[in-house]
Amino acid sequence: MPRKNTAADPPPAGRTLRYDRPATDWEREALPVGNGALGAMVFGGVARERLQLNEKSLWTGGPGSKEGYDHGNWPGPRPDALAEVRRIIDEQGAMDPEDVARRLGNPAYAATDGIPGFGNYQNFGELVLDVPDAPVSPVDYRRGLDIADAMATVTYEDKDEDNGDGQTRFSREYFASHPAQVVVGRLAADRPGRISFTLGFAAAQGGTAVTADGGRLLIRGALADNGLVYEGQVQVLHRGGTRTDDDGRITVTGADSATFAFSAATDYADSHPGYRGPDPHARVTDAVDRAAAQPYEELRAAHIRDHRALFDRAGLDLGGRLPDLPTDRLLGSYTGGDSPADRALESLYFAYGRYLLIASSRPGSLPANLQGVWNNSNTPPWCGDYHTNINIQMNYWPAEPTHLAETAEPYQRFVEQLREPGRGTAAAMFGTEGWVVHQNTNSFGFTGVHDWPTSFWMPEANGWLAQQLYEHYLFHRDEDFLRRRAYPVMKEAARFWLANLHTDPRDSALVVSPSYSPEQGAFTAGASISQQIVSDLLTNTLEAAEVLGDEGAFGTELRAALDALDPGLRVGSWGQLQEWKADLDDPSDTHRHASHLFALHPGRQIERGSAHAEAARVSLMARGDGGTGWSKAWKINFWARLGDGDHAARMLAEQLTSSTLPNLWDTHPPFQIDGNFGATAGIAEMLLQSHSRDGLVEVLPALPGRWADAGSFDGLRARGDFTVGAAWREGVATEIRIASGSGVTVKLRSPRFGPRFRVERHDGRSVERSAGQSAGQSAGQQSDGRSVEHVVRDGVLILPTRAGEEYRITDQAV
Ligand code: FUC
């Protein structure tokens, strides 16, 4: 593959984050590379380079933890505890969270100072490169992250005549290769013999042993908390000059260039109950040996090929151009207007979300956690865990729509692996079949509870997690995936709810009880989010059962439950969508969670234009445009689903102006990656939607006024196995391209259709000419007159497709 660029030739603006100073702050400035399992934060220091490293399975807690571990299940049986809480809620209508936590929480996991036994995602440590005689004032310093090639770069010149370096130009590049399972660094200069450094490792864990031999660092230890064995190795290679090993450090002197390859692993395995696999030594040795044996250019090219195979599938062009300015300055001057710079930054931010997902979630490791894979602390915020009341789900919202389905594999597997411990929790705490998980989980199948009153109880998280497995089927129509992977998870979660729904004595409807709307108010029966999630789960499971021919008695049970289930959709006294079954909503409540709008997004119970959609709008207006990073990101999606592109764009501007750090990471605060992913999904949702129950694919459903003059997107995915691109000008869709993966009929709608358009197959053979959408019904014929190719009815273009073919709809007025 031809080299797109080299470190000496900085990558083009538009796909690059760039800065004119080294990073000093990990959270705000350092730049992330990752391959899912491994992450590195690059600082770009001239005299001292730092690469802070992560290996995603390095967790304290779980089995073997000094605190003890039983998945968060209650330490002993409490046969009447749940029934008692349900009875009190039936009688009194509500219960104080503290009271519920005392009865149903788990004091063994008291959330006082972290959660003992639950564990924390750990820092692996840092590679430190000390460069002798580095220029104190480097000239033309640049630090960048090319997100199209997934390459971090540093370049500078040394013009200091005193040390005789003249105008030497130095370049470094770093990448995290998924195929090779290594983080690679390369240091080069445009004059021979100029590369000298000492590479060492700054351990983040007590008891880490570091040795150096043959240009290889061996880093090894076991976590004091749970005995988890970890190992890292770094091989340093050099061209020219000399290399010496010395007391856990490797020194290269006078080389023309040098390369290092780092890999790491632990003896973690994602299998219940032990969560341990083989010693990591052989795996790490193998990865580093192989990388060291490969020519650098090949390693680099294979990495770029692998990354681009995912990254290049989708793109967004909002017509702007990034001025040649550092990204922090661009962000600082961003106002959310329609200037080319603002629009280019928004496109870059969209692409960066896709970059971050590729970098933090690849098959073979755990899913992206609250910080993706990047963490520099042994006690990170919220343990760096998997929160299931919004956060991990949001991480994966962009996976399907932005054409990165493969990145969702770790999530799918993670949810599958929760089934076994979750079954134990269903039995131990609820005395029923099915599987369940609550509000937080870790890498060791924590499916029970801690006892923090406002965040410990969320049994319907099982349904929310299962939703995205079903979505994978809807996007791909892959029945094998549905049968083998999604449906078992869904069915067993549905069984949990069939066994645990409670009959509300007030109206005999089936409700979740106790039920809690994250993360505010009292415990009640039938909070809207609980009902909406269970409704979504049972509906999806029934649909899946029908597809797979597994209806039978189970289908009858699901239908009966759905008939009796309170759907959690009520319009309250001030026109709002009620957050609880009783009308308790306070119009001045601006809580960051807007959980009762689950049915609008990511659920699909609320259709645009309906009374419930209007009530959701009223609720959103009351909630306001504030909130934490992920909260704003969710609101982009809500407004997009409501078809209000201007408000969606306003939320995107909120996200960028007040919840985004100079390295374009989302900040809650602190750094939390969900907002990046939620906003990326939200932008996709503004451009393309396909969730409606009647199977519509909607193009440009929420195009904001400030993007309307011109723009295009490519490669977004719609349910039904369609890949869609579109271009627009002056608010009119000038071209829509739709490629059909499975050959089902597409029902296409766009508020941006012009009055006349033409439908063609991609190969240019004209399929028809259409009189347009307003004519009530008109049929197009193939040019050879043989068959009706499409129908336009009530503004919906109904087009039978063939698998593997692409269709082009072009505006005829332009
Ligand atoms: C949920 C949110 C918090 C935070 C935490 C990680 O509990 O309510 O705001 O995002 O997850």
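In this predicted model, a polar side-chain atom of Gln439 sits 3.5 Å from an oxygen atom of the ligand. That makes a polar contact, meaning a pair of N or O atoms within 3.5 Å. For Arg592, a polar side-chain atom is 2.7 Å from a ligand oxygen atom, and for Gln672 the value is 2.9 Å. The protein hides 98% of the 290 Å² of accessible area that the ligand has on its own (Shrake-Rupley method, 1.4 Å probe).

Besides Gln439, Arg592 and Gln672, the residues surrounding the ligand include Leu370, Trp382, His387, Glu519 and Trp630, with a heavy atom within 4 Å counting as near. Sorted by class, this shell holds three nonpolar, seven polar and two charged residues; Asp, Glu, Lys and Arg count as charged, and Gly goes with the polar ones.

Now for the nonpolar cores, which are sets of buried Ala, Val, Leu, Ile, Met, Phe, Trp, Tyr and Cys residues joined through side-chain atoms within 4.5 Å, with buried meaning under 20% relative accessible area (1.4 Å probe, protein chains only). The largest one has 224 residues, and Phe197, Tyr355 and Phe713 are among those with the most contacts inside it. Helix H6 (residues 340-360) supplies the largest share of this core, 12 residues; helices here are DSSP runs of at least four residues, H or I. Apart from this core lies another, of 11 residues, including Met151 and Tyr296.

Residues are numbered from 1 along each chain as its sequence is written. Local features need pLDDT of at least 70 and side-chain atom pairs 80 or more, while totals for chains, interfaces and linings use all residues, and side-chain values use heavy atoms, without hydrogens and water.

Note on methods:
Buried < 20%, exposed > 50% of the residue type's maximum accessible area, 1.4 Å probe, protein only. Helix = DSSP H or I, 4+ residues; strand = E, 2+ residues; numbered from the N terminus. Polar contact = N/O pair within 3.5 Å; in protein donor to acceptor, adjacent residues only side chain to side chain.
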